[in-house]
Amino acid sequence: MEIGGTLIAGPAKGPLYGEITVPGDKSMSHRSVMLASLADGITEIHGFLPGDDNVATAQMFIDMGVKIEWLNDKKTALRVYGVGLHGLKKPEAMLDAGNAGTCVRLMTGILAGQEFESTVTGDASLRKRPMKRVVDPVRSMGATVTGNDDGNLLPITISGGKLNAIHHVSEVASAQVKSCVLLAGLYANGVTLVNEPKPTRDHTERMLPLFGQPVDVAVDGTISIFPNNRLTAPEGVVDIPADPSSACFFAVAASLVDGSDVTLKSIGINPRRDGWRRVMSDMGASLTLENEAKVGEEPVADVRVRSGGLHGMHVDPNDVPDAIDEFPVIFAAAALADGEFVLEDAEELRVKESDRISAMADALSAAGADIEERPDGAVIRGLASLKGGAEVDALGDHRIAMAMAVAAQRADGEIRIHNAAAIATSFPNFVALAQSIGMNVRWQDEV
């Protein structure tokens, strides 16, 4: 996907060192502004991720009549004047999710409960991503959804209103699907239940009670919600922890570059988001938790990372849903580890901003890595270094671009990463933070 922006990365000129704070959690930033907009009262949010994806979510609610006041120039703090569950207004134009898959899929559940028609679109990448996984459940609840390929592709038009509760048994382990159904359940008559094939990130279940809506999680994993018919703004500030997906890039970089010692501050360690740390620990990474605490309903800790000999391993299938967003950079770690790394049961990687299995196989192969693409994952045989002078294409996918910038720290020369501008969707200050700990990475147009 041609979107421009070229990163020039690697090799590292010495050990990486320092303490850094990565931006707020992307997933929680989406959910916080959604629930705050639907609540009665005023919600103040701190630690908001000001990436394009999250700003797109905020803009959707602004377009439907919600007042949002940014409290600083960096857009990391905001005040949301909620309009209540039934206070949204019909937008005057199409709602644009940009590149944000989480935004559009969760918004499908919210819009299904509105008594007006709305149309949602996105950028060229998002218009290729499957929507039936959320469209089918809201249709079964009573919403009408039309769009390309019978509603599987954006733009889609949603006519909502009175919904009926369902028991949704998801075929895919997707927090987006689960959250869509639970959010639609806020507007449904009766108890909405969701079952997943494997547990996925549970930020929606943790955050809804903060806004006065109980969620029950049974011993067998069944998630149920009986709507209170209103959400209420929390009395205190909603604080968002630092994003573990963003932290993982620096954790891998510090693991790969000899002599490195980097501390990542106040990272979310929710078990449903901590799969990356379990996988890296199984690979032999030196990861130490310090200063464990809680931010709201979310556990956090400082993560100290020191370089160490990474080795190959067979990823536990139970860790796959909990590390799904981090596998691009874990692939980079595996390409430079000792031995064979095997990932299976990760088909979901193929329906992200790009086909991330294929994209990383192509990019790492171009840099000389030994990687074999599989239908549901990959087999990677580690090498001592990657070759310099390679030109790779990030395909407009932020995680591919950043993963290759990390891999380049152990290359024999510079690697040029094209179509990397999408980094702005999730991690606008990635390059500045990377440079602050000694990573060799810059934008092509930097002096």
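Please keep in mind that the model is predicted.

**Stop 1: the largest nonpolar core**

Begin by selecting F250, L264, M283, F331, F341, L364 and I417. These residues belong to the largest nonpolar core, which has 84 residues, and they are the ones that touch the most other members. Next, colour helix 8, residues 244-256. This helix supplies nine residues, the largest share of the core.

Now centre the view on F341. Which residues does F341 touch, leaving aside those up to four places away in sequence? The contacts are V279, M283, G312, M313, V315, I330, F331, A334, A378, V379 and I380.

**Stop 2: a cluster of aromatic rings**

The structure holds six aromatic pairs. Select F249 and F430 to see one of these pairs: the arrangement is edge-to-face, with the centres 6.1 Å apart and an angle of 70° between the planes. F249 belongs to helix 8 and F430 to helix 13, residues 430-436, so the pair links distant parts of the chain, 181 residues apart.

Because F250 lies in helix 8 and F430 in helix 13, the pair ties together parts that are 180 residues apart in sequence. F250 and F430 are both buried.

Ring pairs link F249, F250, F427 and F430 into a cluster.

**Stop 3: a charge over a ring**

Select K67 and Y81. Here the charged end of K67 sits over the ring of Y81, at 4.6 Å from the centre of that ring.

**Stop 4: salt bridges**

A search of the whole structure finds 35 salt bridges. Select R129 and E353 to see one of them, in which the two side chains meet at 3.6 Å, N to O. R129 is in the loop between strand 7 (117-121) and helix 4 (132-140), while E353 is in the loop between strand 21 (340-343) and helix 11 (356-366). The two residues are 224 residues apart, and the pair links distant parts of the chain. R129 has a relative accessibility of 4%, so this residue counts as buried. E353 is also buried, with a relative accessible area of 11%.

R139 lies in helix 4 and D150 in helix 5, residues 148-151, and they are 11 residues apart.

Then select D397 and R356, where the salt bridge is 2.9 Å, N to O. D397 lies in the loop between strand 24 (391-393) and helix 12 (398-407), and R356 lies in helix 11, so the pair ties together parts that are 41 residues apart in sequence. D397 is buried, with a relative accessible area of 0%, and R356 is buried, with a relative accessible area of 2%.

**Stop 5: the charged network and D325**

Select R129, R201, D325, K352, E353, R356 and D397 together. These residues are linked in a network of salt bridges.

D325 lies in the loop between strand 20 (298-306) and helix 10 (327-335). Why does D325 count as buried? The reason is its relative accessibility of 11%, because buried means under 20% relative accessible area.

Finally, display the residues around D325. Not counting residues up to four places away in sequence, D325 touches R201, S245, K352, R356 and R399.

Methods: Residues numbered from 1 in each chain as written. Predicted model: local features only at pLDDT ≥ 70, side-chain atom pairs only at ≥ 80, totals over all residues. Heavy atoms only, no water. Core = buried A, V, L, I, M, F, W, Y, C linked by side-chain atoms within 4.5 Å. Buried < 20%, exposed > 50% of the residue type's maximum accessible area, 1.4 Å probe, protein only. Helix = DSSP H or I, 4+ residues; strand = E, 2+ residues; numbered from the N terminus. Contact = heavy atoms within 4.5 Å. Phe/Tyr/Trp six-rings, centres within 6.5 Å; stacked < 30°, edge-to-face > 60°. Lys NZ or Arg CZ within 6 Å of the ring centre and 35° of its normal. Salt bridge = Lys/Arg side-chain N within 4 Å of Asp/Glu carboxyl O.
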